[in-house]
Amino acid sequence: MTHSKILVTGAAGYVGGSVLSYLKTLESSSIDAGSVIGAVRSEEQVDALTAARFNVQQVNLSDEQAVAELVLRNEIDVVVHCASGLDRDLVVNLIHALGKRREASGKATYFIHTSGGSAFSEVGGWSNGPTSDTDQIFDLEKALADSMPLRKVDVAVTEEAKSAGVTSYIVVPPMVYGRGLGLWNKLSVCMPLTVRASLSRRAVYTFPQDSVMPAVHVSDLMALYARLLEKIVQNDAPAGGENGYYFAVAHKIHWWPTLDRMAAALHSRGLVQQRSTQMWPNDEEAAEAYGLPGLFVQMIFNSRTEIRSGKAGALGWEPTWTQEDQFLQIIDDEVRDVLELDTGKGSVLNNVNKQLK
Ligand SMILES: NC(=O)c1ccc[n+]([C@@H]2O[C@H](COP(=O)([O-])OP(=O)(O)OC[C@H]3O[C@@H](n4cnc5c(N)ncnc54)[C@H](OP(=O)(O)O)[C@@H]3O)[C@@H](O)[C@H]2O)c1
């Protein structure tokens, strides 16, 4: 299957934009960069990405007919879905379109979904403790699907794909850091959120618990998508469906030392009053400063998520950012990027507010 056409959704976003750029720069890969199309939402994004010689098309992924037309017209065999892990309708539209494409072409089709590490956070109702992608994740998620939209969508991916005859995979990025490789949104989620909350209060606040998060540098996450895509185009696709989970975890980080460095970076620029962190007076004030539902704030910043990657190595994935210290060394750069590039408009936040409120 050497001429697979690949559609990357959310191609103006942090993750999807990075996938699009990364695939274009891959050397000696079996992926044909000319066969990669990005799906973006606005005309402005089409113009900007087209000017930079990316092949992009405008589509509202909520529009079932528009999605089917896009997939069939462009003969798409593989979708890398990076627009939203929280919106079931988008997933269903894309998978049904791939099902139609499979029927029309007689070729196998593949759906690579992007979920998130929060699906496995104890505050978000994950009661199974430390988890590896070698565990029976589908069954475990299904049993707890109703208490968390991310899990519900993951389960829908596997079930819808199975009934449409599409092979599905679920990539689970934990906290992603590093400047995005794409042209539009270059910022991830956790750092901008916390810098914004700190600027509004002129202080950096911590929670009572030192959150321990799994993490991955954006370049390593991109390498995982690429390894999976290479296997697919080489006709060596790994098992998908219920066995198609890949946790993209390269190391863990602790949030308290992260905030200490963030406080130092903001204080040296005169943006917070104290060089040290303070404790949030209560959860309500924290949620208000973050501008997000309390559950989401607690899930990310005051929780433990213990997941590890047990399968990606078999795809040839070898992350290079594997130490917490490598992350801590670049906190000043992360803060600088947020101060330079933040527009305050990540669609992930809109989706979270819509789905969790
Ligand atoms: N960044 C992280 O640390 C992280 C970690 C774990 C999981 N994830 C998951 O990865 C996915 C992407 O995250 P991200 O950080 O890349 O978010 P992002 O920067 O906000 O990108 C999402 C992109 O998808 C587009 N989009 C959303 N809904 C759409 C629709 N109905 N039709 C067409 N386009 C649509 C958005 O368009 P607009 O530009 O018009 O808004 C945006 O460009 C999310 O599911 C997120 O939960 C991210």
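Sorted by class, the shell around the ligand is made up of 13 nonpolar, 14 polar and one charged residues. The model is a predicted one, and the shell is a handy place to start reading it. There are 28 residues around the ligand, and those that come nearest are Val 15, Gln 45, Gly 85, Asn 185 and Ser 188.

In Asn 185, an N or O atom of the side chain sits 2.8 Å from an oxygen atom of the ligand. For Ser 188, a polar side-chain atom is likewise 2.8 Å from a ligand oxygen atom. With Ala 83 it is the backbone that takes part: one of its N or O atoms lies 3.5 Å from an oxygen atom of the ligand. As for cover, the ligand taken alone exposes 900 Å², and the protein buries 88% of that area. Looking at secondary structure, the elements giving two or more residues to the shell are α1 (14–25) and α14 (347–356).

The shell also brings the domains into the picture. At least three of its residues come from domain 1 (6–176 + 216–247), and at least three from domain 2 (188–213 + 252–304 + 320–356).

In an unreviewed entry, UniProt lists residues 6–234 as "domain: NAD-dependent epimerase/dehydratase". In the model, that span is 44% helix and 17% strand, and the C-alpha atoms at its ends lie 14 Å apart.

Note on methods:
Residues are numbered from 1 along each chain as its sequence is written. This is a predicted model: local features need pLDDT of at least 70, side-chain atom pairs count only at pLDDT 80 or more; totals for chains, interfaces and linings use all residues. Side-chain values use heavy atoms; hydrogens and water are left out. UniProt positions are given in the numbering used here, feature names are shortened, and annotations may be inferred rather than shown by experiment. Helices (H or I, at least four residues) and strands (E, at least two) are DSSP runs, numbered from the N terminus. A residue is near a molecule or strand if one of its heavy atoms lies within 4 Å of it. A polar contact is a pair of N or O atoms within 3.5 Å; within protein, one must be able to donate a hydrogen and the other to accept it, and residues adjacent in sequence count only if both atoms are side-chain atoms. Accessible areas come from the Shrake-Rupley method with a 1.4 Å probe; for residues, only the protein chains shown count as cover. Ala, Val, Leu, Ile, Met, Phe, Trp, Tyr, Cys and Pro count as nonpolar, Asp, Glu, Lys and Arg as charged, and the others, Gly among them, as polar. Domain bounds come from an automatic or database domain assignment.
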